[in-house]
Amino acid sequence: MVSMIMLSFLFVAANEPLTLLIARIEHAMIAGSIGQLEQCRQTLLENVAKSSGSEANLMRYTLAYVDWRLYPLLMTDKGKRGEVYIQEAEKQLKELVKAEPGNAEAHALLSTVYGQEIGTSVWEGMVLGPKSSASIDTALKLAKDDPRVALQAGVGAMFTPKMFGGGTEKAEKELRRAEALFSKEPTNTAWPNWGRLDVLAWMGQLLASKGDREGARAYYNRALALEPDYGWVRYVLLPALDNPTKKK
Amino acid sequence: MARWLACNFILLALFGNVRELSANRQSLVRGTVRDPSGAVVPGASVYLRGTDILSVSGGDGRFELSGSLSGDATLVATCAGFRAFEQRISMGAEPITVDVTFEIEGPFEQVHVTAQTSNPTPPAQLKLATLDVLKTPGTEADPMRAAQMFPGVVKVDEGAGLFVRGGDVSETATYLDHARLFHPYRYETPTGGFFGTVDPYLISGLSLATGAFPARYGDALSGVLELTGLESPRKTSISASLGLGAVSASLALPLNSQLGLRFSGNQTFSRLLYEVNPSDQHFERFPSGSDLNLSFYADSAGAGRFKVSAFTNREQVGVELQQDSFTGILDSESRNRLFSFNWQKTLDQWLLEVTLSSGAYREKSSVGVLDLTSNDSGERIRLDVTRYAAGWTVRTGVEAERRGAISQGTIPSIGGDLGGIQGTRPWSIDQSEWRAGGYSELERTFGRFSLDVGARLDRFQALRAWGADPRATVTYALTGKQHFHLGWGIYHQVPLPVYLNREDGNPLLQPMHSQHLVAGYEYGEESGPVFLRVEVYTKKYGRLPLQDAVLNFNDKGSGSARGVDFFLKLAPSGPWQGWVSYSYLNAMRLYTPFDDFQRYDIPTARFRPDFDIPHTLQLVLQRTLTASVSLGASLRIASGKPFTPVVGSLMTPGGFLPVFGPINSGRLPLYQRLDFSLSKSCTVAREIAMILYLGATNVMDHKNVLGYVYSSDYSHRSPAEGAWGRTFYFGMSFQR
């Protein structure tokens with residue numbers, strides 16, 4: 001974990017394009033641009049192939065991150081490219097945690113990727129659910145106070161039955177903890193530094209699910225204050241507050 | 001996680017393609033990013049909205065944007081810890097300079113989860129997800145049996161019938177995606193049936209309203225069960241199950257970005273199950289059946305969401321039946337079909353939903369002198385409109401349905417006299433009932449109070465009668481976790497078609513009605529670690545069919561039900577989860593079930609109906625042993641149901657006739673049942689999941705008495721025990 005952050009600092013200092021690449025990834029994620037994300041993905045695949053050691057591991061993480069962001073955007077593709085990407089994310093992260101067993105960010109993202117693969121399937125929940133839980137538990141043991149670990153623990157809990165360690169209350173606890181941790185994290189933290197917008201969007205959804213529409217609106221507005229082009233919040237979550245039956 | 005998927009799915013649909021500005025010449029924007037103190041900010045993202053032109057400020061805070069653009073654009077700059085910066089710019093021939101100065105993020109309004117705006121579970125309504133249906137021991141993975149686990153639902157036999165808070169099984173309406181199921185049970189009996197018609201793998205969950213339900217539900221006196229069908233598949237999957245009593249397979253197939261298909265088939269064959277678990281039950285034909293289900297989905301941003309489903313099932317059984325002194329084989333074959341069409345469309349703040357459904361049920365059954373062929377059918381159309389705006393939720397809708405019943409054959413002259421000692425008579429009905437109705441509901445939260453008021457109006461065409469049903473629920477939030485609620489409503493329902501038959505019934509009967517009053521206290525949420533609900537209720541029933549010496553039936557019957565339901569669910573962090581429920585019920589009725597026509601003297605005072613089960617205690621525990629192995633147990637202890645004792649007999653040329661004591665003046669012994677389930681999930685290949693399950697029902701082999709049978713002269717009686725002693729079943733399921 002520490003080595004990854006150190007590397008990121010060094011890499012950013014030595015190689016400007018990575019900073020720009022991360023910015024492009026985040027910009028594409030916010031805009032929901034599949035094309036831009038796939039362009040970034042191609043660059044990352046090349047970087048993984050030509051790098052080694054810690055540098056390659058950072059690229060693997062970033063590639064998995066992009067694949068994970070791409071997967072839901074490609075749901076209209078009915079599983080073809082999206083399936084390939086999410087499986088690639090799982091593969092890259094498994095290799096990463098094998099190479100860096102202490103990398104909490106990787107364990108947490110692997111947990112989220114498993115969760116993404118579960119979708120709504122009871123079946124896959126039974127098989128991948130325990131793997132997802134084990135990964136996030138490992139991440140929490142390694143870096144309990146990492147805001148992205150807390151964020152992913154919270155989101156995972158929202159979709160995990162209580163008897164398997166999830167539930168709304170746990171989700172809220174972890175998301176609020178993530179929110180507090182993000183407020184303490186230096187704004188110039190090196191990559192991976194994503195999640196500030198996600199935590200606001202998910203806190204809003206959690207409050208909305210509890211019937212607190214105004215609380216949810218406040219969170220969504222906070223997200224838009226940080227990133228006015230955050231389409232998921234602007235065009236999906238906020239309108240859904242006034243029409244809860246609208247598909248999110 | 002599903003929501004994460006769905007959110008981004010729609011995100012793509014909304015703005016998956018970044019728009020392009022017209023590109024005709026080179027342009028350049030440059031500037032410096034600073035914080036409020038004037039210090040430069042490195043690492044800020046700066047971009048032109050709607051384009052892929054993006055830059056990151058360097059160590060000196062400077063940035064440059066270049067591209068081939070013309071016209072107006074918006075420059076946006078973002079950085080963690082700061083509010084986003086936006087500025088309209090005009091792209092000209094010359095490079096322009098934009099200096100960005102961020103404002104610090106916040107302060108923001110404190111966000112609280114407040115009691116006033118929390119959304120408590122509606123009174124007298126509880127929900128189950130499909131996973132709960134599958135994992136709860138004792139449910140045999142059947143949605144109806146799972147719903148029987150809820151407080152307020154009593155069991156009168158080993159069947160799956162839902163008798164809700166002093167109401168008959170026919171007084172609970174069942175819906176699948178708003179399409180009404182007129183025959184929601186398999187292997188139908190007067191107390192419902194042995195299983196639900198709908199397979200658990202066809203639904204995503206269910207909810208059962210046991211009282212004071214809102215105005216959108218019509219033609220139901222006591223309860224409403226809503227089954228929610230699966231949504232359009234997002235990925236291809238195939239599953240197969242093999243168990244001691246059934247094999248099944250299903251396919252989920254997304255066709256393209258907007259179309260999807262689900263198909264499933266199921267074949268039941270209970271012979272093996274009975275051979276592994278021998279019982280005293282004698283079968284001429286072991287229960288068996290098959291069903292097929294096909295659903296087609298279309299989702300278009302412009303046209304809305306469509307779902308078309310077709311379901312058909314067949315089943316047959318030949319089983320020994322005992323009633324009074326009669327012993328014979330009940331032979332039955334039935335076929336049930338349902339077709340439904342559902343359309344949903346969102347228009348600004350409005351949600352429109354249209355449901356059309358058509359069902360047909362055919363049954364041929366014979367036992368003793370009873371020999372009937374029945375054809376039931378029903379069509380229904382429904383429009384619901386919902387609007388959420390400015391804190392108000394408005395729902396309104398209209399519906400119309402036809403329900404037809406055609407039946408022919410021979411029946412005993414006296415209800416229940418299956419041996420035909422007092423003769424037989426021909427039976428023929430051809431009955432149709434039209435009903436049309438409309439409703440409106442308003443929902444709003446005022447401080448600590450939440451109010452849901454509504455009313456519905458129904459026209460029962462064949463009965464030439466109207467039903468006007470006002471209903472209201474108010475909830476008071478005492479604290480963030482505690483709520484009080486009070487619900488009240490009037491309900492109407494048309495009597496079963498057999499009561500309206502000209503020959504043996506009375507077509508002039510009026511709609512039955514009931515009045516519910518429910519008060520409750522609630523702590524926590526159903527999904528939280530602790531959820532407690534205590535409800536007291538009182539119900540009055542009127543215009544129930546009552547045997548009449550002249551008219552066959554009149555509508556002077558009445559009834560009442562009072563009770564308390566207690567429900568405590570604990571789901572702490574850790575491997576244990578469970579709930580306990582206790583229900584007290586005091587039900588009285590003056591009415592005549594159709595199958596009891598002329599069986600007893602016409603009652604003149606209220607008596608305890610079959611479903612008056614005063615005490616029901618239910619305990620369910622589940623524990624995850626390892627990440628992939630879970631164990632469950634359920635215990636049900638309930639008072640025995642009332643029965644009408646035989647106090648003597650009369651000898652006639654055809655045989656002995658029973659002389660009954662007062663209706664339901666006796667009570668059967670305590671009912672007890674303990675069930676276990678064990679399941680393990682694993683992966684047998686990279687993409688194939690397998691679940692192994694083992695269940696044991698009535699593990700204590702308690703001899704539950706469900707009635708009494710008599711010798712031919714009624715001089716001796718012996719208990720009729722449930723068909724299920726200790727029973728084991730196991731199976732496995734695969735999915736890829």
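# Legends to the close-up views

**The crossing of α5(A) and α6(A) is left-handed.** The model is predicted: local features need pLDDT of at least 70 and side-chain atom pairs count only at pLDDT 80 or more, while totals for chains, interfaces and linings use all residues. Residues are numbered from 1 along each chain as its sequence is written, and chains are lettered from A and ligands numbered from 1 in the order in which they are written. Helix α5 covers residues 80–99 of chain A and helix α6 covers residues 104–118; helices are DSSP runs of H or I with at least four residues, strands are runs of E with at least two, and both are numbered from the N terminus. The two axes come within 9 Å and cross at roughly 150°. Axes are lines fitted to C-alpha atoms, for helices over the stretch in contact, and angles between N-to-C directions run from 0 to 180 degrees. α5(A) and α6(A) are therefore roughly antiparallel to each other (over 145 degrees; under 35 is roughly parallel, 65 to 115 roughly perpendicular, and the rest oblique). Residues of α5(A) that meet α6(A) include A:I86, A:L93 and A:V97, and those they meet in α6(A) include A:L109, A:L110 and A:V113. A contact requires C-beta atoms, placed from the backbone, within 7 Å. By class, this contact has 9 nonpolar, 2 polar and 3 charged residues. Nonpolar here covers Ala, Val, Leu, Ile, Met, Phe, Trp, Tyr, Cys and Pro, charged covers Asp, Glu, Lys and Arg, and the others, Gly among them, are polar.

**Helices α8 and α9 of chain A pack at about 160°.** Helix α8 spans residues 147–158, helix α9 spans residues 168–184, and their axes are 7 Å apart. α8(A) and α9(A) are therefore roughly antiparallel to each other, and their crossing is left-handed. Among the residues of α8(A) in the contact are A:A150, A:L151 and A:G154, while α9(A) brings, among others, A:L175, A:A178 and A:F182. The contact has 11 nonpolar, 2 polar and 3 charged residues.

**Helices α11 and α12 of chain A pack with their axes 10 Å apart.** Residues 213–226 form α11, residues 231–242 form α12, and the angle is about 165°. α11(A) and α12(A) are therefore roughly antiparallel to each other. Their crossing is left-handed. In α11(A), A:R213, A:A216, A:R217, A:Y220, A:A223 and A:L224 meet A:V233, A:R234, A:L237, A:L238 and A:L241 in α12(A). By class, this contact holds 8 nonpolar, no polar and 3 charged residues.

**The whole of chain A has 12 helices and 0 strands.** Of its 248 residues, 65% count as buried (20 or more other C-beta atoms within 10 Å of a residue's own; 12 or fewer is exposed, in between is partly exposed, and C-beta atoms are placed from the backbone). Among contacts in chain A with a separation of 6 or more, 56% are between residues 24 or more positions apart.

**Strand β23 of chain B pairs with β22(B) and with β24(B).** Strands pair if DSSP finds at least two bridges between them. β22 (residues 304–323) and β23 (residues 326–347) are antiparallel over 19 bridges. B:V317 has B:S332 in β23(B) as its bridge partner. These two strands form a hairpin with 2 residues between them, and B:D324 in the turn has a positive phi of about 55°. β23(B) also runs antiparallel to β24 (residues 350–367), with 17 bridges. Here B:F339 stands opposite B:S358 in β24(B).

**Strand β5 of chain B pairs with β2(B) and with β6(B).** β2 (residues 45–48) and β5 (residues 71–78) run antiparallel, joined by 4 bridges, and B:S45 stands opposite B:T78. β5(B) and β6 (residues 85–91) are also antiparallel, with 7 bridges. B:T74 has B:R88 as its bridge partner in β6(B). The hairpin of β5(B) and β6(B) has 6 residues between the strands, and B:G81 takes a positive phi near 95°.

**B:F734 lies in strand β45 of chain B.** This residue counts as partly exposed because there are 17 C-beta neighbours inside 10 Å. Apart from residues up to four places away in sequence, B:F734 touches B:S239, B:A240, B:I688, B:A689 and B:M690. B:T683 is 51 residues from B:F734 along the chain, and their C-alpha atoms are separated by 9.2 Å.

**The whole of chain B has 4 helices and 45 strands.** Buried residues make up 43% of its 736 residues.

Terms used: Contact = placed C-beta atoms within 7 Å. Left-handed = near helix turned anticlockwise from the far one by under 90°.
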